[in-house]
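Read it with the model open.

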Amino acid sequence: MKLHSTQTQQYQTVTAYDEDGIELNAVRFGHSLLVLPETLPVVWPVDNFDLLDVSHFEQIDATRPDVVILGTGRKQRFVHPRLTAALTARRIGVECMDNQAACRTYNILMAEGRKVALALIIEPKTA
């Protein structure tokens, strides 16, 4: 799906997404990412929801977001609370949703000026 441009082009904005990846400011990514509005996206080393562990959320916590939007892949899944305990203890909300909803929600919160982190799981294509 293509999204329309807004006045937020100086930020990391999701400009398109599909089942195989996303575009940030018209640059295509086909791997899992950690995205914040004012910094370049970084590789998030998780290829599958079932492989999430505490270290993945420590990487997110290091960015000090106000809220985390977790894109869980093609379908919505919920992460075990023990994985996000450090974030929860610091009153950082973690919202789980499928990748398409996560991309839309991230753009809305980013446009509102929130310090939102988009942690997006993009599973590699199977042969």
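Contact here means heavy atoms within 4.5 Å. The model is predicted. In that sense, and leaving aside neighbours within four places in sequence, threonine 72 is in contact with Phe49, Arg77, Cys96, Met97, Asp98, Asn99 and Ile121.

**Threonine 72**

- Threonine 72 sits in the loop that runs between strand E6 (67–71) and helix H2 (85–89).
- Its relative accessibility is 2%, so threonine 72 counts as buried, the cut-off being under 20%.
- The threonine 72 side chain reaches the backbone nitrogen of arginine 77 at 3.1 Å; Arg77 is also among the contacts of threonine 72.

**The sheet of 5 strands**

- This open sheet has the strand order E5-E4-E8-E6-E7, and its pairing is mixed.
- On average, neighbouring strands here are turned by 15 degrees against each other, direction ignored.
- E6 pairs with E8 in the parallel sense, over 5 bridges.
- Glycine 71 stands opposite leucine 120, which belongs to E8.
- H3 lies across E4, E6, E7 and E8, and runs at about 165 degrees to E8.

**Helix H1**

- Helix H1 covers residues 54–61, and His56, Phe57, Ile60 and Asp61 are buried in it.
- Viewed down the H1 axis, the buried residues fall within an arc of 145 degrees, so they line one face of the helix.
- These buried residues of H1 pack against strand E4 (33–36), E6, H2 and strand E8 (116–120).

**The sheet of 3 strands**

- The strands of this open sheet follow the order E1-E2-E3 and pair antiparallel.
- Strand E1 (14–18) and strand E3 (27–29) form the edges; each has a single partner strand, so one side of each lacks a neighbour in the sheet.
- Strand E2 (residues 21–24) is joined to E3 by 3 bridges in the antiparallel sense.
- Glutamate 23 has arginine 28, in E3, as its bridge partner.
- Helix H3 (residues 99–111) packs on this sheet and touches E1 and E2, with its direction at about 175 degrees to that of E1.

Notes: Residues numbered from 1 in each chain as written. Predicted model: local features only at pLDDT ≥ 70, side-chain atom pairs only at ≥ 80, totals over all residues. Heavy atoms only, no water. Helix = DSSP H or I, 4+ residues; strand = E, 2+ residues; numbered from the N terminus. Buried < 20%, exposed > 50% of the residue type's maximum accessible area, 1.4 Å probe, protein only. Polar contact = N/O pair within 3.5 Å; in protein donor to acceptor, adjacent residues only side chain to side chain. Pairing = 2+ DSSP bridges. Axes fitted to C-alpha atoms, helices over the stretch in contact; angles between N-to-C directions. Arc of directions from axis to C-beta.
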